[in-house]
Amino acid sequence: MTDTAVDEAFVQFDRVQKSYDGEILVVKDLNLSMPKGEFLTMLGPSGSGKTTCLMMLAGFETATHGEILLDGQPINNIPPHKRGIGMVFQNYALFPHMTVAENLAFPLEVRKMGKSERDQKVKRALDMVQMGDFGGRRPAQLSGGQQQRIALARALVFEPELVLMDEPLGALDKQLREHMQFEITRLAHDLGITTVYVTHDQTEALTMSDRVAVFEDGRIQQLAPPDELYEEPANSFVAQFIGENNTLLGEIVEVGTDSCVVKLDSGELIDALPVNVSNVGDRTKVSIRPERVEFNKDRLNPNAHTIKAEVKEFIYMGDIFRFRLSVAGNDDFIVKTRNAPDAVKLTPGETIEIGWLPQDCRALDA
Ligand SMILES: Nc1ncnc2c1ncn2[C@@H]1O[C@H](COP(=O)(O)OP(=O)(O)O)[C@@H](O)[C@H]1O
Ligand SMILES: [Mg+2]
């Protein structure tokens, strides 16, 4: 990292480690640098250290090693009331004795804002989460989903510079969750808020974020914009964790800078893009996205590598058709197609030829 990048970072984790018990590191040598206004998502399986990172950034936990900087200052040196951090957690308690409107006005009162401006901001924040008619209710008179929307409105009402959200939409039903995903990103961008968002839901991460940090076991495996993460996963973990993915196991038999030959365990030779394999003899997991596999003969690219497949299952999903195939010893090879008038429907038991371009076939670590 260059010095300029460090200067411009609004949030920065510098070689941060965290242990709760003095033995096991749950965050391992974490580096992260976020510019102002960015919407960054920490995505990873349960227990991978996401919440711990957020708690350290909020100042509720301290790093065992390394440093966390906010606008160039170590977080520990900034008093809590000057941090300007809004927070939303899945179980973020509202004040039960206050009405919804009083809950929202509270952070503004603390900041000594006058009543008319306060009322205006409370109204705006309530409208923003579609709760405009609920200002007079108490939290106990709201559903869990409604309480969470109020918690979100309360975190945004004072227009903080940095907002931290830990799985804030986990309790909401699908439709409301999708609406709120859209609202949160729109608000964050409109208000110019820097956001660190935590989720284990990859769709949420891909649709909401400027960049996504994929966590595994206390480390960031890849930090990239959503399209890059999905289309150019840097390793097998990311390829498996983000989106649907087909893998074929094999060994590298030839390797150059932008192509390699893999001998699959089934004996078949295929061309692939070497991503993080370097030597002949290396074991590899070859990764191919379902939508990059063509099974309509008429649409097959002349440069495509073709391979035999047996159709195992047809799964109707409304907008798309999914087929499970057996390919080179993998019985869980998925392909899909849009439910268009000319869509090819495959029948279980049928043997077909499928194809893909070598550059869509990524040789990753095994
Ligand atoms: N307060 C705590 N005391 C001890 N261990 C903790 C504490 N909080 C989290 N952990 C452990 O740290 C690891 C990372 O947890 P966490 O940051 O909550 O992960 P995530 O949010 O990705 O699910 C887990 O193994 C968890 O059990
Ligand atoms: Mg967590």
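At what angle do H3 and helix H4 (residues 115-128) pack? They pack at about 125°, with their axes 9 Å apart. This is a predicted model, in which local features need pLDDT of at least 70, side-chain atom pairs count only at pLDDT 80 or more, and totals for chains, interfaces and linings use all residues. Residues are numbered from 1 along each chain as its sequence is written, while chains are lettered from A and ligands numbered from 1 in the order in which they are written.

- Axes are lines fitted to C-alpha atoms, for helices over the stretch in contact, and angles run from 0 to 180 degrees between N-to-C directions.
- Helices are DSSP runs (H or I, at least four residues), numbered from the N terminus.
- H3 and H4 are therefore oblique to each other. Angles under 35 degrees count as roughly parallel, over 145 as roughly antiparallel, 65 to 115 as roughly perpendicular and the rest as oblique.
- Ala101, Leu104, Ala105 and Leu108 of H3 make the contact with Arg118, Lys121, Val122, Ala125 and Leu126 of H4. Two residues are in contact if their C-beta atoms, placed from the backbone, lie within 7 Å.
- By class, this contact has seven nonpolar, no polar and two charged residues. Ala, Val, Leu, Ile, Met, Phe, Trp, Tyr, Cys and Pro count as nonpolar, Asp, Glu, Lys and Arg as charged, and the others, Gly among them, as polar.

**H3 and H5**

- The axes of H3 (residues 100-110) and H5 (residues 144-156) come within 8 Å and cross at roughly 25°.
- H3 and H5 are therefore roughly parallel to each other.
- Val100, Asn103, Leu104 and Pro107 in H3 meet Ile150, Ala153 and Arg154 in H5.
- That contact has five nonpolar, one polar and one charged residues.

**Ligand 1**

- Tyr20, Val26, Gly44, Ser46, Gly47, Ser48, Gly49, Lys50, Thr51 and Thr52 surround ligand 1. Each has its C-beta atom, placed from the backbone, within 6 Å of the ligand.
- The shell has two nonpolar, seven polar and one charged residues.
- Helix H2 (residues 50-58) gives the most to this shell, with three residues.

**Domains**

- The domain assignment gives domain 1 (3-231) and domain 2 (244-365). Such bounds come from an automatic or database assignment.
- Their C-alpha centres lie 39 Å apart.

How values were computed: Helix = DSSP H or I, 4+ residues; strand = E, 2+ residues; numbered from the N terminus.
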